[in-house]
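Got a model open and wondering where to start? Here are some questions and answers to go with it.

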Amino acid sequence: MTEHYDHLETREPAAREAALMAALPQQVSHAKRAAPAFAEILANVDPSAVTSRQALARLPVTRKHELLERQKAGRAKEPFGGFSTLLRGPAMPHVFASPGPIYEPDSVGKDYWRAARAMFAAGFRAGELVHNAFSYHMTPGAFIMESGAHAVGCTVFPAGVGQTEQQLQAIAELRPDAYMGTPSFLRILIEKAAETGSDVSSMRKGLTGGEALPPSLRDWFAERAMAVYQSYATADLGLIAYETQARAGLIIDEGVIVEIVRPGTGDPVPEGEVGELVVTTLNAGYPLIRFGTGDLSALLPGTCPTGRTNTRIKGWLGRADQTTKIRGMFVHPGQVADIARRFPEVLRARLVVSGEMADDVMTLKVEAASAPQGLDARIGEAIRDVTKLRGDVQLLQPGSLPNDGKVIEDARSYK
């Protein structure tokens with residue numbers, strides 16, 4: 001059995017990086033020329049100069065709430081906020097909606113969402129029947145997975161969600177080889193099958209998404225003779241990363257450039273530090289440049305034991321938007337970053353809000369390379385300047401703060 005989907009997965013890392021950086025200025029140029037939103041966002045950017053990760057890191061991050069705001073403002077003209085380069089008709093077979101609502105375009109072509117790579121890593125092979133329990137209602141999840149399954153060569157049963165008894169009947173009679181859907185619904189199917197005596201034994205593997213797959217649940221499936229893997233995809237970007245049989249993090253897809261940045265900023269963090277996942281896609285139809293997913297993750301060192309050489313991430317580690325209301329004022333992660341930037345001694349900062357509601361205590365915990373006299377007082381002044389609130393300052397040794405991606409920690413009592 002072939003172990004890898006294609007030769008791209010086992011390239012020398014330097015060759016992959018060279019190919020991505022060669023494609024990057026072309027994609028930036030295309031986005032600026034063909035997508036009106038990026039014509040504004042990248043107005044002062046010379047695409048020919050964006051040939052490295054350092055240059056990419058200087059471009060602005062576009063976050064999901066900003067995409068939604070542009071869509072709302074421009075819906076009288078078109079629904080995609082100026083981010084899509086596709087025209088309705090044969091080139092756009094579907095339009096999808098995600099919560100917001102945010103509208104996403106679909107496009108023709110084999111495996112447009114690039115999901116096949118994740119399925120192949122999970123053991124899906126040509127000629128197999130796949131039970132697809134992702135929703136076919138408005139959102140693109142089911143279509144993302146279905147297009148990937150077709151690219152692998154599988155046949156798909158479009159089960160959707162709900163109607164558990166009818167789904168169990170279809171599984172017993174059609175005997176699919178694999179499952180696609182959320183891990184929670186797969187558990188519901190298996191538990192209901194055990195309760196009713198329905199036969200689901202044909203399904204020996206699964207690819208899940210839309211929810212976290214904790215090790216305890218993965219082991220629960222394994223105890224029932226089912227190998228289940230997780231994928232990380234979004235409606236905006238398609239596949240971002242996927243799990244392999246090594247169970248050693250998620251491997252980044254070959255069609256995206258991933259950065260991990262400090263929440264509230266566009267500044268990349270060192271390898272291993274938790275931050276927000278920012279993705280640049282090489283998709284020409286929806287050319288998102290430095291799109292902030294709002295999800296937390298971290299880069300893992302080394303490569304996958306399966307021989308795939310692309311960078312790995314730890315997986316989903318939480319949400320990056322930690323905006324918190326303190327004494328009637330909203331404080332954003334970007335404001336914490338703004339305070340930290342003012343002081344070269346500051347390595348990392350974390351704003352902790354304690355006390356009880358209406359009696360908030362705000363403390364900025366700061367890792368400092370050095371602590372010249374009066375540094376805490378000057379940082380306190382910066383807190384008031386940026387947030388319009390008073391806060392205490394606690395100076396810490398480097399490495400003292402948890403590596404969990406939190407910039408604002410709400411530790412208040414809500415009794």
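**A walk through the chain**

Q: Which residues does Ser52 touch, not counting residues up to four places away in sequence?
A: A contact here means heavy atoms within 4.5 Å. Leaving out residues up to four places away in sequence, the partners of Ser52 are Met21 and Leu24.

Q: What kind of model is this, and how are its residues numbered?
A: It's a predicted model, where local features need pLDDT of at least 70, side-chain atom pairs count only at pLDDT 80 or more, and totals for chains, interfaces and linings use all residues. Side-chain values use heavy atoms, with hydrogens and water left out, and residues are numbered along each chain as its sequence is written, from 1.

Q: Where does Ser52 lie, and is it buried, partly exposed or exposed?
A: Ser52 sits in the loop between helix H2 (36-41) and helix H3 (53-56); helices (H or I, at least four residues) and strands (E, at least two) are DSSP runs, numbered from the N terminus. Buried means under 20% relative accessible area, exposed over 50%, and partly exposed in between (1.4 Å probe, protein chains only). With a relative accessible area of 22%, Ser52 is therefore partly exposed.

Q: How many Å separate the C-alpha atoms of Ser52 and Leu20?
A: Along the chain these two are 32 residues apart.

Q: Is Phe124 buried or exposed?
A: Phe124 is in the loop between helix H5 (116-121) and strand S4 (129-132). Beyond four places in sequence, it touches a list of residues including Met119, Val130, Val152, Tyr179 and Leu207. Its relative accessibility is 0%, so Phe124 counts as buried.

Q: Which residues of H9 make the contact with H8?
A: The axes of helix H8 (residues 183-196) and helix H9 (residues 215-223) come within 11 Å and cross at roughly 35°; axes are lines fitted to C-alpha atoms, for helices over the stretch in contact, and angles run from 0 to 180 degrees between N-to-C directions. On the H8 side, the contact is made by Pro183, Leu186, Arg187, Ile190 and Glu191. From H9 come Leu217, Trp220 and Phe221.

Q: Which peptide bond is cis, and what is its omega?
A: Most residues other than glycine have a negative phi, and most peptide bonds are trans. Pro101 is in the loop between strand S2 (95-98) and strand S3 (102-105). The cis bond joins Gly100 and Pro101, with an omega of about -10°.

Q: What is the phi of Arg247, and what is that of Arg114?
A: Arg247 lies in the loop between strand S9 (238-243) and strand S10 (250-252), and is partly exposed at 27% relative accessible area. Arg114 is in the loop between S3 and H5, and is buried at 16%. Neither is a glycine, yet phi is positive in both: about 55° for Arg247 and about 65° for Arg114.

Q: What is the radius of gyration of the chain?
A: The chain has eleven helices and 21 strands. Its radius of gyration, taken over C-alpha atoms, is compared with a globule rule of 2.2 Å times the number of residues to the power 0.38. For 415 residues that rule gives 22 Å, and the chain is close to it, so it is as compact as a globular protein of that length: 23 Å.
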